[in-house]
Amino acid sequence: MSPLDALIARSESDLPEVYDHVESEVRSYCRGWPAVMDVAEGSWITDTDGNRYLDFFAGAGALNYGHNNPLLKKPLLEYLSGNKIVHSLDMATVAKTEFLRTFDELILTPRELDYKVQFPGPTGANAVESALKLARKVTGRESIINFTNAFHGMTLGALSVTGNSMKRAGAGIPLVHATPMPYDNYFDGVTEDFHWFERVLDDSGGGLNRPAAVIVETVQGEGGVNVARMEWLQALEQLCRKRDILLIVDDVQMGCGRTGPFFSFEEAGIKPDIVTLSKSISGYGLPMALTLFRRDLDVWSPGEHNGTFRGHNPAFVTAAAALQTYWRDNQFAEETKTKGKLVRERLEAIAATANGVTARGRGMVQGLKFEDADAASAVCRAAFDRGLLLETSGPSDEVVKLLPPLTTSTDDLAAGLDIIAESVATSAA
Ligand code: PMP
């Protein structure tokens with residue numbers, strides 16, 4: 001068997017037996033990528049058999065600065081070896097002081113975002129739950145507007161504003177107090193934007209309770225790399241302002257520079273009332289999340305929304321180091337945009353070689369959409385067999401999503417794109 005044939009022959013049953021015997025059936029990534037991952041550096045992961053993988057998945061957007069980034073690892077190791085406090089609930093700590101000061105100085109102040117910062121628990125879903133709770137508390141209203149194909153997390157509140165029917169079914173109870181509206185281009189440009197939403201808001205017979213908030217992703221990562229136009233985001237902001245509805249931007253996956261600027265909404269020139277951040281905010285893949293909101297919306301009572309893991313100091317250390325390393329000026333954002341253009345050009349060329357395939361995306365979140373959903377999965381598997389990690393997204397998994405670390409070199413980007421071209425040629429052309 002050639003080395004490539006040996007890789008292609010791998011299946012889930014090659015994993016240590018303990019996975020099947022002990023870990024729940026709910027596991028997923030280890031099924032599609034049946035290898036035991038071991039060492040990771042930058043954009044590369046090595047498994048226990050010594051196979052190397054170029055990572056175009058980046059922890060679903062949690063590793064924008066790559067694996068074990070040495071510039072972040074150094075302060076982390078110093079922190080740990082100094083016996084500095086690791087767990088502290090939301091006590092004041094040196095690491096937290098430094099993070100809050102750095103975030104304010106490098107991110108909020110230069111963007112004129114007068115936000116308060118809440119530590120809601122360490123996951124994206126935690127941030128979304130707290131955003132929804134706060135919007136309801138501030139307005140005294142219960143209903144939330146979400147969008148078709150949105151993804152906001154797996155807890156009940158986050159699930160109620162998520163589109164995917166398989167994930168929603170997992171709730172086991174009715175998911176209520178949320179009303180989906182069409183995301184930008186849902187009707188392929190046929191229906192005027194917000195026609196339906198504005199109409200039912202204004203119509204006393206429309207049957208829509210006055211919403212507390214709208215929750216939106218500027219690019220729907222899990223929903224199929226659907227990119228909202230800037231005009232659409234601007235019109236959404238205006239609509240919310242005019243009708244006194246809070247605007248929540250869920251920047252869990254698209255924030256921290258994924259589309260170029262630190263926040264994905266910056267290019268649209270909008271200022272959301274509430275923002276959720278997680279994934280790459282710690283910079284190192286350590287769990288951490290933030291909920292940001294306008295100062296006047298800070299109506300929480302002390303301890304009203306709490307949680308044991310809201311002060312993970314190692315994450316504060318790497319988060320502050322990431323901001324100081326990459327966000328002192330615009331250079332990193334510009335580099336990301338340039339790399340994004342390179343990726344996009346190549347994807348357009350690949351799409352042109354196959355029937356019914358189109359390229360889509362913004363910045364360093366890009367995708368290839370296939371008419372045949374099975375083709376997208378086949379391309380991801382073919383890429384894995386050639387040493388590239390790629391995930392599918394979209395309601396039918398019809399989109400191959402590219403989410404490389406933003407620090408990936410142009411050579412590595414080109415190498416990954418070569419593998420994608422080959423994988424499309426062998427499995428979907
Ligand atoms: N919001 C968005 C936009 C996401 O992409 C995700 C995760 N993919 C979440 C929320 C939930 O984050 P977590 O998995 O950390 O709960």
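Colleague: Which residues line the second largest cavity?

Modeller: This is a predicted model. In it, the lining of that second largest cavity includes F119, G121 and P122, then P287, M288 and A289.

Colleague: What is the volume of the second largest cavity?

Modeller: About 70 Å³.

Colleague: And how does its lining divide by class?

Modeller: The second largest cavity is lined by 8 nonpolar residues, 3 polar ones and 1 charged one.

Colleague: How many cavities of 30 Å³ or more are there?

Modeller: The count comes to 2.

Colleague: OK, on to the ligand. Which residues are around it?

Modeller: T123, G124 and A125 are there, along with F151, H152 and G153.

Colleague: Which atoms of D250 and K279 lie by a ligand nitrogen?

Modeller: For D250, a polar side-chain atom lies 2.6 Å from a nitrogen atom of the ligand. K279 also has a polar side-chain atom by a ligand nitrogen, at 3.0 Å.

Colleague: What about G124, backbone or side chain?

Modeller: Backbone: a polar backbone atom of G124 is 2.8 Å from an oxygen atom of the ligand.

Colleague: How much of the ligand's accessible area does the protein cover?

Modeller: On its own the ligand has 400 Å² of accessible area, and the protein covers 82% of that.

Note on methods: Residues are numbered from 1 along each chain as its sequence is written. This is a predicted model: local features need pLDDT of at least 70, side-chain atom pairs count only at pLDDT 80 or more; totals for chains, interfaces and linings use all residues. Side-chain values use heavy atoms; hydrogens and water are left out. A residue is near a molecule or strand if one of its heavy atoms lies within 4 Å of it. A polar contact is a pair of N or O atoms within 3.5 Å; within protein, one must be able to donate a hydrogen and the other to accept it, and residues adjacent in sequence count only if both atoms are side-chain atoms. Accessible areas come from the Shrake-Rupley method with a 1.4 Å probe; for residues, only the protein chains shown count as cover. On a 1 Å grid over the protein atoms alone, a cavity is a set of points where a 1.4 Å probe fits but cannot get out, and a pocket is an open set with protein on both sides within 12 Å along at least five of seven lines; lining residues have an atom within 4 Å of a point. Grid points are joined across faces, edges and corners, and a volume is the space filled by probe spheres set on the points. Ala, Val, Leu, Ile, Met, Phe, Trp, Tyr, Cys and Pro count as nonpolar, Asp, Glu, Lys and Arg as charged, and the others, Gly among them, as polar.
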